[in-house]
Amino acid sequence: MAPASTVGRGPLVLRRWRDTDVDELRRVVVSAQPSLRPWMPWSLGTYDRTAAADFLAGTQASWERGKAFSYAITVDGAVVGACGLANNGVPNTLEIGYWLHPSRTGRGYATEATAALVGVAFTLSRVNAVQIWHDAANTASEGVPRRLGFTEVARRTPPREMLTSGEVGVDVVWELRR
Ligand SMILES: CC(C)(COP(=O)(O)OP(=O)(O)OC[C@H]1O[C@@H](n2cnc3c(N)ncnc32)[C@H](O)[C@@H]1OP(=O)(O)O)[C@@H](O)C(=O)NCCC(=O)NCCS
């Protein structure tokens, strides 16, 4: 079964990205970049219209291949961040990722979006667990799996991805089983 393209009844709704999101995506990322750069390597460079279009094309291709399912986090129809499910190489497992525009943090949106993605993941056959990976210094990210009852299952160093400025280089892995 394919994952739902739209999740939630509002005001917070997750919806599959569309090509027409290019300008809104670019604008939201650019103004969020100062708070994304300490944690997310993809956000380090210049985020122009081509970068946004490339992301949208990549998410469509990954969705079609069943490799990753990326959603816009919207509130009252406006894009406030992004989240998604992705194969991370662990059998029967999908990994959840998320970011919010800094003007939209502190309201539970990432937690609500993640709870919704857990529900989506477990509609898919063969998915028995979801994981969240974050750097040990990223306490805001840590709050999400903690609030939702995930269990910390591993701490890994060196980290999987290149180190960004906020990070200490220890990946914390959380898991929730079906
Ligand atoms: C990680 C990130 C999405 C977390 O955002 P966040 O706003 O802390 O998380 P939520 O949206 O779930 O909100 C939780 C906060 O809202 C509060 N809150 C208010 N209403 C809430 C509700 N209904 N449900 C849950 N929390 C609620 C919580 O108490 C918490 O505040 P606290 O941190 O002061 O305790 C955000 O910090 C971010 O985008 N960081 C940069 C990118 C990044 O690091 N991404 C993750 C990489 S692993």
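Colleague: What share of the contacts in the protein between residues at least 6 apart in sequence join residues at least 24 apart?

Modeller: Bear in mind that this is a predicted model. Contacts here are pairs of residues at least 6 apart in sequence. Of these, the share joining residues at least 24 apart is 60%.

Colleague: Which pattern does the protein follow along the sequence?

Modeller: The secondary structure consists of four helices and eight strands. Read along the sequence, their pattern is β-β-α-α-β-β-β-α-β-α-β-β.

Colleague: Why does the radius of gyration of the protein agree with a compact globule?

Modeller: The C-alpha trace spans about 40 × 40 × 30 Å along its principal axes. Buried residues account for 29% of the 178 residues. A compact globule with 178 residues would have a radius of gyration near 16 Å, so the protein agrees with that, at 15 Å.

Colleague: Which element gives the most to the shell around the ligand?

Modeller: Elements supplying at least two shell residues each are α1 (22–36), β5 (93–100), α3 (109–121) and α4 (139–147). The one that gives the most, with five residues, is α4.

Colleague: How do the residues of the shell around the ligand divide into nonpolar, polar and charged?

Modeller: There are 21 residues around the ligand, and W39, T105, G108, T111 and A140 come nearest. By class, the shell divides into ten nonpolar, nine polar and two charged.

Key:
Residues are numbered from 1 along each chain as its sequence is written. This is a predicted model: local features need pLDDT of at least 70, side-chain atom pairs count only at pLDDT 80 or more; totals for chains, interfaces and linings use all residues. The radius of gyration is taken over C-alpha atoms; the globule rule is 2.2 Å times the number of residues to the power 0.38. A residue is buried if 20 or more other C-beta atoms lie within 10 Å of its own, exposed if 12 or fewer, and partly exposed in between; C-beta atoms are placed from the backbone. Two residues are in contact if their C-beta atoms, placed from the backbone, lie within 7 Å. A residue is near a molecule or strand if its C-beta atom, placed from the backbone, lies within 6 Å of it. Ala, Val, Leu, Ile, Met, Phe, Trp, Tyr, Cys and Pro count as nonpolar, Asp, Glu, Lys and Arg as charged, and the others, Gly among them, as polar.
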